[in-house]
Amino acid sequence: MALRSRLPSGRRGTALAAVALVAVLAAATGAAFAVGAVDTVAGGPTLVVTDERGTELVTAPVSDETEIVIEYTHSVEKTTVRDVYAPRDGELVMTRMEFSSFGAGLPSQADVTERDGRYVFEPPSESYATLHLKTGTVADHDLIVGDERYDIAGMTDGGAVDLTVERRVAPGL
């Protein structure tokens with residue numbers, strides 16, 4: 001049995017075009033929502049730094065290649081120390097420590113190499129779901145994420161911070 005349109009023949013083509021357009025838009029919208037839903041659930045890895053009250057101080061997108069550096073001044077030696085981490089599977093993995101002299105708290109008996117006048121210690125793989133850091137005014141901790149530098153000691157007035165890697169659609173969400 002054939003269906004007949006009640007529209008005059010001149011309007012049938014317009015009506016069919018409108019129905020086709022709505023169908024195409026519905027399919028495209030459904031596909032966009034499906035992709036968006038996956039992105040919302042999965043998201044990209046983001047470094048999140050929070051203070052003691054849970055306030056987010058820094059959010060920065062990261063990848064496996066991003067170096068996350070905590071740079072500070074050794075309280076006794078007064079030399080720069082750099083603790084370098086990489087984001088891996090939602091955690092922070094320490095990849096190396098760079099320092100200029102041996103002093104309290106530095107790996108004096110570890111196997112170190114010398115590069116560009118600095119000592120480099122590559123520790124056994126340790127990962128942290130949350131890296132707790134007590135900043136200080138003497139140490140003047142900075143956080144370096146890729147090419148961006150953040151004065152986290154100044155942001156917290158010498159307070160503590162937590163660093164985590166979370167999956168987020170965009171930083172700050």
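Contact here means heavy atoms within 4.5 Å. Keep that cut-off in mind for L143. This is a predicted model. By that cut-off, L143 touches L47, V49, I68, V69, I70, E148, R149, Y150, I152 and L163, leaving out residues up to four places away in sequence.

Where does that put L143? In the largest nonpolar core, which has 26 residues. L143 is among the residues with the most contacts inside this core, along with L47, L92 and L163. The largest share comes from β5, with four residues. As a general point, nonpolar side chains in soluble globular proteins tend to be buried together.

Now the sheet. Four strands form an open sheet, in the order β2-β1-β12-β9. The pairing is antiparallel.

β1, residues 44-51, and β12, residues 160-168, pair in the antiparallel sense over eight bridges. V49 stands opposite L163 in β12. Both of these residues also touch L143.

Next, follow the chain from β3. β3 and β4 pair in the antiparallel sense over six bridges. I68 stands opposite Y85 in β4. These two strands form a hairpin with six residues between them. K78, in the turn, has a positive phi of about 60°. β4 itself is mostly covered: seven of its nine residues are buried.

On to the next hairpin. β4 and β5 pair in the antiparallel sense over seven bridges. Here R88 stands opposite E91 in β5. The hairpin has two residues between the strands, and D89 takes a positive phi near 50°.

β5 has another partner to mention. β5 and β7, residues 118-121, pair in the antiparallel sense over three bridges. M97 stands opposite F121 in β7. β7 also pairs with β6, in the antiparallel sense, over four bridges. T113 has V120 in β7 as its bridge partner. β6 and β7 form a hairpin with two residues between them, and D116 in the turn has a positive phi of about 50°.

Between β5 and β6 there is a loop, and S101 lies in it. Is S101 buried or exposed? The cut-off for buried is under 20% relative accessible area. At 17%, S101 therefore counts as buried. The S101 side chain makes a polar contact with the side chain of E77, at 3.1 Å. S101 touches E77, T79, L106 and Y119, again leaving out residues up to four places away in sequence.

G158 lies between α2 and β12. G158 is buried, with a relative accessible area of 11%. What does G158 touch? K134, T135, G136 and A153, with residues up to four places away in sequence not counted. Take K134: 24 residues from G158 in sequence, and 7.4 Å away in space, C-alpha to C-alpha.

Now charges. How many salt bridges does the structure hold? There are 10. R96 forms one with E67, the closest N and O atoms being 3.0 Å apart. That pair links distant parts of the chain. R96 is in strand β5, E67 is in the loop between β2 and β3, and they are 29 residues apart. R96 is buried, at 15% relative accessible area. E67 is partly exposed, at 34%.

Two further pairs. R115 forms a salt bridge with E122, with the closest N and O atoms 2.7 Å apart. R115 counts as partly exposed at 38% relative accessibility, and E122 is partly exposed at 48%. E166 forms a salt bridge with R168, with the closest N and O atoms 2.9 Å apart. E166 is partly exposed at 30%, whereas R168 counts as buried at 9%.

One last item, the network. E67, E71, R82, R96, E98, D142 and R149 are linked through salt bridges. R149 is also one of the residues that L143 touches. That brings us back to the start.

Methods
Residues numbered from 1 in each chain as written. Predicted model: local features only at pLDDT ≥ 70, side-chain atom pairs only at ≥ 80, totals over all residues. Heavy atoms only, no water. Pairing = 2+ DSSP bridges. Core = buried A, V, L, I, M, F, W, Y, C linked by side-chain atoms within 4.5 Å. Buried < 20%, exposed > 50% of the residue type's maximum accessible area, 1.4 Å probe, protein only. Polar contact = N/O pair within 3.5 Å; in protein donor to acceptor, adjacent residues only side chain to side chain. Salt bridge = Lys/Arg side-chain N within 4 Å of Asp/Glu carboxyl O.
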